Amino acid sequence: MIAQLSAALIALAAPAEDDFDPTTISEVDALQCRLDVPSYNGFAFAITGEEQIARKRGWRKVDSGNPMLDEYELPSPIRIGSWSTRRIAFSSSGIVAILDVADPAVVAKGEGIANALDADAMYRDLGIAMPAGGFRKFLGQKVVVDKTVPATADDPFGSHVTIARSISNVTTLPGKTLYGCSYRMELLDKNGKPL
């Protein structure tokens, strides 16, 4: 069963085409949610993997002080919608452009994305006052793809794929907005339950 599960995970996460070349993928396409999950995974693994995409494209690794983000400075700016940046970062499930926009709500409004965190309510529920001029967390997303493929008689494992536009901020990057895409794939058992 473990070997079957491992084979299913590898098959789902790997690009379908044998001639897939992660070096042909653009970081802009990844940021704009234009990839499928296997293609994104192939690209993300190749950043510092055998293909050395970061080195070959002249990306400079930046120590952001955030262990959840692998940040890079690009040799030239890229355009993401109406924004331009030379900084991108990879998280465990996606890629973000680091924009010089202090208030993520400005970017989110154009995408129709609301903040899923109500800071005022959180402070109210905790019974404490909101810090004056303090950091206001923003975390929002809009699902672009939500697809479930059930298990079949030929394949005992199904999958659930979610690709979402994400907009957020973090205290380790003050005055910045993180704008990008998350790519998630979950393996399902024969009953459609996550493994």
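Two strands are taken to pair if DSSP finds at least two bridges between them. Helices (H or I, at least four residues) and strands (E, at least two) are DSSP runs, numbered from the N terminus. The model is predicted: local features need pLDDT of at least 70, side-chain atom pairs count only at pLDDT 80 or more, and totals for chains, interfaces and linings use all residues. Residues are numbered from 1 along each chain as its sequence is written, and side-chain values use heavy atoms, with hydrogens and water left out.

**The sheet**

Seven strands make up an open sheet with antiparallel pairing, in the order β1-β2-β3-β4-β7-β6-β5. The edges are held by β1 and β5 (139-149), each of which has a single partner strand, so one side of each is left without a neighbour in the sheet. From one strand to the next the twist averages 25 degrees. Axes are lines fitted to C-alpha atoms, for helices over the stretch in contact, and angles run from 0 to 180 degrees between N-to-C directions.

| Strand pair | Sense | Bridges |
|---|---|---|
| β4 (residues 94-99) and β7 | antiparallel | six bridges |
| β6 (residues 158-168) and β7 | antiparallel | 11 bridges |
| β5 and β6 | antiparallel | 10 bridges |

L99 stands opposite T177 in β7, A164 faces S182 in β7, and V145 is set opposite I163 in β6.

Strand β7 (residues 177-188) is largely enclosed by the rest of the structure, because nine of its 12 residues are buried. Here buried means under 20% relative accessible area, exposed over 50%, and partly exposed in between (1.4 Å probe, protein chains only).

**Helices on the sheet**

Helix α3 lies across β3, β4, β6 and β7 and runs at about 115 degrees to β7. Helix α5 (residues 104-111) also packs on the sheet, where it touches β3, β4, β5, β6 and β7, and its direction makes about 125 degrees with that of β6. Contact means heavy atoms within 4.5 Å.

Helix α3 (residues 37-46) is mostly covered, with eight of its 10 residues buried. Among them are V37, P38, Y40, F43 and A46.

Rings of Phe, Tyr and Trp (its six-membered ring) pair if their centres lie within 6.5 Å; planes under 30 degrees apart count as stacked, over 60 as edge-to-face and the rest as tilted. By this rule the model has five aromatic pairs. One of them is stacked: the ring centres of W59 and F90 are 6.3 Å apart and the planes stand at 25 degrees. This pair links distant parts of the chain, 31 residues apart, with W59 in the loop between α4 (53-56) and β1 (60-62) and F90 in strand β3 (residues 83-90).

Y72 and F90 form an edge-to-face pair, at 6.2 Å centre to centre and 80 degrees between the planes. Since Y72 lies in strand β2 (residues 70-80) and F90 in strand β3, the pair ties together parts that are 18 residues apart in sequence.

W59 and F90 are both buried; for F90 the relative accessibility is 8%. Y72 likewise counts as buried, at 5% relative accessibility. K61 lies over the face of Y72, at 5.4 Å from the ring centre. A charge sits over a ring if NZ of Lys or CZ of Arg is within 6 Å of the ring centre and within 35 degrees of the ring normal.
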